[in-house]
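Hello,

Here is the structure I promised to hand over. Please look through it first; my notes on what was found follow below.

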Amino acid sequence: MAVETKFVVVRKGEEKMTFANKKEADAYDKMLDMADTFTDWLLQSEIEIDEVLAENIALHLAEQKDTVQHILRTSKLPEAETAPADVKVDAQTAQETHVEDAEVAEHAEHAEHAEDAVKPKKVRAVKAA
């Protein structure tokens with residue numbers, strides 16, 4: 001007989017997702033917390049929006065938090081993914097670069113999300129008044 005440990009994320013008494021390790025379960029739970037906060041924020045806004053639509057938008061924003069953060073920082077959409085051979089980042093730069101959301105690589109379910117966590121951070125100049 002085999003013994004398996006499973007981590008279940010439960011919201012409002014309902015099982016949302018089951019994971020094989022605690023780290024992934026915690027990341028998913030954190031994403032759901034973010035979605036709840038986005039939902040509350042959207043419903044408090046002056047925009048006339050029903051609760052189901054607000055929840056769907058909030059969940060999408062939480063799932064795409066890296067893209068949302070990029071848009072907020074740069075006011076631009078992230079560039080389209082390039083082929084791995086076209087990406088030229090030397091190993092030393094990748095190791096020295098501190099990425100704020102390095103957790104994403106650990107929690108990513110898809111390899112494409114892990115590639116985003118290795119990209120170096122862009123430096124932005126700020127003018128003093």
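Are phenylalanine 19 and tyrosine 28 buried or exposed? Both phenylalanine 19 and tyrosine 28 are buried, where buried means under 20% relative accessible area, exposed means over 50%, and partly exposed is in between (1.4 Å probe, protein chains only).

Some background: this is a predicted model, in which local features need pLDDT of at least 70 and side-chain atom pairs count only at pLDDT 80 or more, while totals for chains, interfaces and linings use all residues. Residues are numbered from 1 along each chain as its sequence is written, and side-chain values use heavy atoms, with hydrogens and water left out.

The whole structure holds two aromatic pairs (rings of Phe, Tyr and Trp, the last by its six-membered ring, with centres within 6.5 Å; planes under 30 degrees apart are stacked, over 60 edge-to-face, the rest tilted). One of them joins phenylalanine 19 and tyrosine 28, a tilted pair with 5.4 Å centre to centre and 50° between the planes.

Alanine 58 sits in helix α2, residues 51–63 (helices are DSSP runs of H or I, at least four residues, numbered from the N terminus). Alanine 58 counts as buried because its relative accessible area is 0%. Beyond neighbours within four places in sequence, alanine 58 contacts Ala35, Phe38, Thr39 and Leu42 (contact means heavy atoms within 4.5 Å).

Histidine 70 belongs to helix α3, residues 65–74. Its relative accessibility is 17%, so histidine 70 is buried. Leaving out residues up to four places away in sequence, histidine 70 touches Ser75, Lys76, Leu77 and Pro78.

Regards

Note on methods:
Helix = DSSP H or I, 4+ residues; strand = E, 2+ residues; numbered from the N terminus.
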